[in-house]
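Subject: Structure handover

Hello,

Please find the structure below. My notes on what was found in it follow.

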Amino acid sequence: MPSKLDQLRAMTIVVADTGDIEAVRRLKPQDCTTNPTLLLKAVETPAYVHLLDEAIDWGRKQAGSAEAVTAAICDRLAVSFGTELTKIVPGRVSTEVDADLSFDTEGSIAKARALIAAYEARGVSRDRILIKVAATWEGIRAAEELQREGIDCNLTLLFSLVQAAACADAGVFLISPFVGRILDWHVKAGGGPYTAETDPGVQSVRAIYAYYKAHGIKTVVMGASFRNTGEIEALAGCDRLTIGPALMDQLAADEGPLPRRLDPAKASEAPAKMSVDEKTFRFLLNEDAMATEKLSEGIRLFVKDLRALRGLVAKRLEQAKAA
C-alpha cells in the first residue's frame, strides 16, 4: 500500500511549511510556504549563509538610513529564498508581508507590490507567488486590492469563520486556517482531552471548508499549523494542507489506509451565508476570545522574529562595513 503521504497527495495538494530548501527538495511538495519564523531559522543555518552574504553585499551598496537598508536586505533575503524554492516546487511559493504592517492597508499593498517587482526582476512571474497577509480587517482590504491587480494572496493567521467569510467576500485566492494553534488555546483553557475528530482546530477548518463549498466560494482552503498527523488525516481531502517536514516524514513512513474526510460534493451542515462589513467583522471577531487572542499573539510572534531577523542583518551589515 502507498504511504499515507502519497495517499494524501492523491486527494489534496500538499504544501511544505518550511524555509529549508533541502527539505523541500527531498519531500517534493507541490507548493511551499514561508514566514518570518521559518526564514529566521533558515538564515541561521550554515547551508544558507551564502544567501545572507549575497544580501549583505547588496545592502552595502544601497543608499538610505540604516533601518531602511536593513529592511531592504530582509526583503531581498525573503525573495532569494523564494526564488530558490520556485526552482524546486512546480507550484506556488508564499512570501509574507512584514507582520508589523498587519494593521496598515496601504503599507501592506506597497510591500506586496515591491516583493512582486523583486521576483519579476529575477524572472519569477507573479503567478508563481502568493503574497501572505495577516487576516486582519486591514490585511483583507489590502488583499482585495492586490487581487484586483492580479497579485494572488494567502491570508494567514486565520482562526475563525468570520475571517474566512470576509476573505471570501474580498475574493482572495487562498486562506490558511490554523489548526494546531486553535488546539493549543483550548488545551491551555482546560479543554480536552481531544481526539482527531473532536480537535477544535480540525472542526474549525471543516466548518470553513463546508461554508466555502456549500456557497460556491472559489477561495482555496489550505489547513495549516499542525501539531500531529491525526489532525492532518482528519482533514484529508481539503483543497491544500501545508505541513512541516517532520510530520511529512511521519506520513511518508506510515502505510496504513487514509480515507478521504473532506469532499466538495459532500459538504453538509454548512454555516449560513454571512454578509460581513467592518462592524460585523470586528464585533464577531471580538466575540471569539480564541480567535482574537491567537490572531494578536500570532502577529506579535511574527513581529518578534522579524525584529530578530532585522537585528541579525544589522549586525552582519556592521561587521561587513568594519571588515
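The bridge partner of L158 in β6 is P177. This comes from a predicted model, as does everything below. Strands β5 and β6 are parallel to one another and are joined by three bridges; β6 covers residues 174-177. To get from β5 to β6 the chain passes through helix α8, residues 161-169, and this β-α-β crossover is right-handed.

β5 also pairs with β4, the strand at residues 129-134. These two run parallel as well, with four bridges between them. One of the pairings is between I131 and C153, the latter being in β5.

How many residues of β5 are buried? Six of the six, residues 153-158, are buried, so the strand is largely enclosed by the rest of the structure.

T136 sits in the loop that links β4 to α7. Is T136 buried or exposed? Its relative accessibility is 2%, and the cut-off for buried is under 20%, so T136 counts as buried.

Which residues does T136 touch, leaving aside its neighbours within four places in sequence? The contacts are S102, F103, F281, L295 and I299.

Regards

Methods:
Residues are numbered from 1 along each chain as its sequence is written. This is a predicted model: local features need pLDDT of at least 70, side-chain atom pairs count only at pLDDT 80 or more; totals for chains, interfaces and linings use all residues. Side-chain values use heavy atoms; hydrogens and water are left out. Buried means under 20% relative accessible area, exposed over 50%, partly exposed in between (1.4 Å probe, protein chains only). Two strands pair if DSSP finds at least two bridges between them. A crossover is right-handed if, with the strands pointing away from the viewer, the path from the first strand over the helix to the second runs clockwise. Contact means heavy atoms within 4.5 Å.
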